[in-house]
Amino acid sequence: MGTWRLYTAVAAGAFRRYATYRVATAAGVFTNTVFGLILAYTYIALWDERPGLGGYDQSQAVTYVWLGQGLLAAVAVIGGGFEDEMIERIRTGDIAIDLYRPADLQMWWLAADAGRAAFQLAGRGVVPMAFGGLVFHLALPADAGTWLAFLVAVALGLLVSFAIRYLVALLAFWFMDGAGVQQLAVLAGLFFSGMTLPLNVFPGALGELARALPWSSLLQAPADVLLGERTGFALWRTYAFQAAWAVGLLAVGRLVQSAATRRVVVQGG
């Protein structure tokens, strides 16, 4: 029980920490809203030329845009999560202190990232989505069940996002400057999560590959749930897909963390 209170406190502390950055949050909301407008009108023009592209109608496509802007900061596709701090601690050697704490390293950072993501959803996700709903006709569900199913998919997507970024951060034990690996992860995340275009639009083998990769859990899967494209058995299959990637990546993270711990012990000895 005490351990869970610790991680709850870590998550709450991270939420309060990000809540103090009021100017940065306002700037982020403004930026997401402006980019949302640009992408929305771009999508409108594209769907005027190609109605039904990717299986979406124009209203669903515009909803997808604003959903992406609402989730962008929470899933930390372009950075802004815990990984910068963790990589810096690895670079300076302060991570050794974290490894000797009476707390699990992975769970500690997961709790901190959960608090951050919760604030970003509330602080930077709601306003752009609400603005999009005022300016455009969005294909939003009327029933609470779909919203609840969507929130479950978002939670699983956040878990997958953390697992990916945790692995990227751990690689700094071997690549002392983790910037290059981070940049590759950002590019892959932007492309394969569907932040640039819905993965349903990608043709043939590229589309199949993109939808099979873990990044599709971040935006494409939650979007399809919200838009009513995943119901019944397809919904449970989506959850299973996200959960499998989360469990697998977290397990790999454990293995890499163990190898990194041994590396620290050997160097410290």
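**Cavities, helices and selected residues**

Let me begin with the lining of the largest cavity: its residues divide into four nonpolar, no polar and three charged. In this classification Ala, Val, Leu, Ile, Met, Phe, Trp, Tyr, Cys and Pro count as nonpolar, Asp, Glu, Lys and Arg as charged, and the others, Gly among them, as polar.

Before I continue, a word on the source. This is a predicted model, in which local features need pLDDT of at least 70 and side-chain atom pairs count only at pLDDT 80 or more, while totals for chains, interfaces and linings use all residues. Residues are numbered from 1 along each chain as its sequence is written, and side-chain values use heavy atoms, with hydrogens and water left out.

How many cavities of 30 Å³ or more does a search of the whole structure find? The search finds two. A cavity here is a set of points, on a 1 Å grid over the protein atoms alone, where a 1.4 Å probe fits but cannot get out; lining residues have an atom within 4 Å of a point. Points are joined across faces, edges and corners, and a volume is the space filled by probe spheres set on them.

The largest cavity has a volume of about 50 Å³. Its lining consists of Asp98, Arg101, Ala103, Asp104, Leu105, Trp108 and Trp109. Helix 6, residues 105-135, contributes the largest share of that lining, three residues. Helices are DSSP runs of H or I with at least four residues, strands are runs of E with at least two, and both are numbered from the N terminus.

The second largest cavity has a volume of about 40 Å³. Leu39, Tyr43, Tyr64, Val65, Gly68, Gln69, Met195 and Leu219 form its lining, which divides into six nonpolar, two polar and no charged residues. Helix 2 (22-49) and helix 3 (58-75) each supply at least two of the lining residues, and helix 3 gives the most, with four.

One of those lining residues, Gln69, also takes part in a side-chain interaction: a polar contact of 3.4 Å joins asparagine 32 and glutamine 69. By polar contact I mean a pair of N or O atoms within 3.5 Å; within protein, one must be able to donate a hydrogen and the other to accept it, and residues adjacent in sequence count only if both atoms are side-chain atoms. Asparagine 32 lies in helix 2. Is asparagine 32 buried or exposed? At 3% relative accessibility, it counts as buried. The classes are buried, under 20% relative accessible area, exposed, over 50%, and partly exposed in between, with a 1.4 Å probe and protein chains only.

I turn to the backbone. Alanine 76 has a positive phi of about 55°, although it is not a glycine. This alanine sits in the loop between helix 3 and helix 4 (83-92), and alanine 76 is buried, with a relative accessible area of 3%.

Next, the annotated spans. An unreviewed UniProt entry places the feature "transmembrane region" at residues 21-44, 64-82, 121-140, 146-172, 184-206 and 234-253; such annotations may be inferred rather than shown by experiment. For residues 146-172, the end C-alpha atoms lie 40 Å apart, and the span is 93% helix and 0% strand. For residues 184-206, the corresponding separation is 18 Å, with 52% helix and 0% strand.

Helix 7 covers residues 144-170; at 1.5 Å a residue, its 27 residues should span 39 Å, and its end C-alpha atoms are 39 Å apart, which agrees. The expected span is 1.5 Å times one less than the number of residues. Leucine 148 belongs to helix 7, yet leucine 148 is exposed, with a relative accessible area of 55%. Its C-alpha atom is separated by 9.2 Å from that of leucine 226, 78 residues apart along the chain.

Finally, two further pairs. Alanine 11, in helix 1 (residues 2-19), is buried at 19% relative accessible area; the C-alpha atoms of alanine 11 and alanine 118, 107 residues apart along the chain, are separated by 9.0 Å. Glutamine 257 lies in helix 11 (residues 233-268) and is buried at 10% relative accessibility. The C-alpha atoms of glutamine 257 and tryptophan 147, 110 residues apart along the chain, are separated by 36 Å.

How values were computed. 1 Å grid on protein atoms, 1.4 Å probe; cavity = no way out; pocket = protein on both sides within 12 Å on 5 of 7 lines; lining within 4 Å.
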